[in-house]
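Hi there,

Here is the structure I promised to pass on. Please have a look at it first, and then read my notes below.

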Amino acid sequence: MKKIFILFLMSILGIISYAKEDDILGTWLIKEKGRIVEIYKNENGEYAGKIKEDSFIFLKQASELSYDKERNSLGPFNLKFPKDEFSYYVWINIEKDGNLFIKGPGNTQVGKYVIELHLIRQK
């Protein structure tokens, strides 16, 4: 009986503590670039992100989103920074500490690059 109760309690805690898609919304600091960004839902209900200083839209929902509960990731998105020659096709992982990890490939004339960014929630 104790084993059943413990398994039940663990499954409930796992559901309660699990992140949700909207956990990516808010204001973030991109650790690698030192830029403050805001991720929000636009008037069409799609996720987007802009760099706060110049309102540059750096993140756009690429297509219908998929949420992978096992990896705790949401995507796909297109990501581009000002003055960069190419864009990336990325997924956003929601880390256990509530911060975000963005990773994905980008193609250029010279080859393929992978970007990795850590976003820290701003209060």
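As for burial, five of the seven residues of β6 are buried, so the strand is mostly covered.

Do keep in mind that this is a predicted model. The mean pLDDT of the protein is 84, and 83% of the residues score at least 70. Among its elements, β1 has the highest mean pLDDT, at 97, while helix α1 (residues 2-17) has the lowest, at 45. Over residues 5-18 the pLDDT stays under 50, and the model has five contacts beyond four places in sequence for that stretch. Where pLDDT is low, the predicted coordinates should not be read in detail.

Back to the hairpin of β6 and β7: five residues lie between the strands, and glycine 98 takes a positive phi near 90°. Asparagine 99 is in the loop between β6 and β7 too. Its side chain reaches the backbone nitrogen of arginine 121 at 3.1 Å. Beyond four places in sequence, asparagine 99 touches Trp28, Asn93, Ile94, Leu119, Ile120 and Arg121.

Now for the core. What size is the largest nonpolar core, and which residues have the most contacts inside it? It has 24 residues, and Ile24, Phe77, Leu79 and Leu119 are the ones with the most contacts inside it. At least two residues of this core come from each of β1 (26-30), β2 (35-41), β3 (47-51), β4 (56-68), β5 (73-79), β6 (88-94), β7 (100-107) and β8 (112-121). In soluble globular proteins, nonpolar side chains tend to be buried together.

If you want to pick through the contacts, isoleucine 24 is one place to begin: leaving out neighbours within four places in sequence, isoleucine 24 is in contact with Ile39, Tyr47, Leu74, Phe77, Ile92, Ile94 and Leu100.

Isoleucine 39 sits in strand β2. Is isoleucine 39 buried or exposed? Its relative accessibility is 2%, and because buried means under 20%, isoleucine 39 counts as buried. The C-alpha atoms of isoleucine 39 and phenylalanine 58 are separated by 9.6 Å, the two residues being 19 apart along the chain.

Key: Residues are numbered from 1 along each chain as its sequence is written. This is a predicted model: local features need pLDDT of at least 70, side-chain atom pairs count only at pLDDT 80 or more; totals for chains, interfaces and linings use all residues. Side-chain values use heavy atoms; hydrogens and water are left out. A nonpolar core is a set of buried Ala, Val, Leu, Ile, Met, Phe, Trp, Tyr and Cys residues joined through side-chain atoms within 4.5 Å. Buried means under 20% relative accessible area, exposed over 50%, partly exposed in between (1.4 Å probe, protein chains only). Helices (H or I, at least four residues) and strands (E, at least two) are DSSP runs, numbered from the N terminus. Contact means heavy atoms within 4.5 Å. pLDDT is the predictor's confidence in each residue, from 0 to 100. Two strands pair if DSSP finds at least two bridges between them. A polar contact is a pair of N or O atoms within 3.5 Å; within protein, one must be able to donate a hydrogen and the other to accept it, and residues adjacent in sequence count only if both atoms are side-chain atoms.
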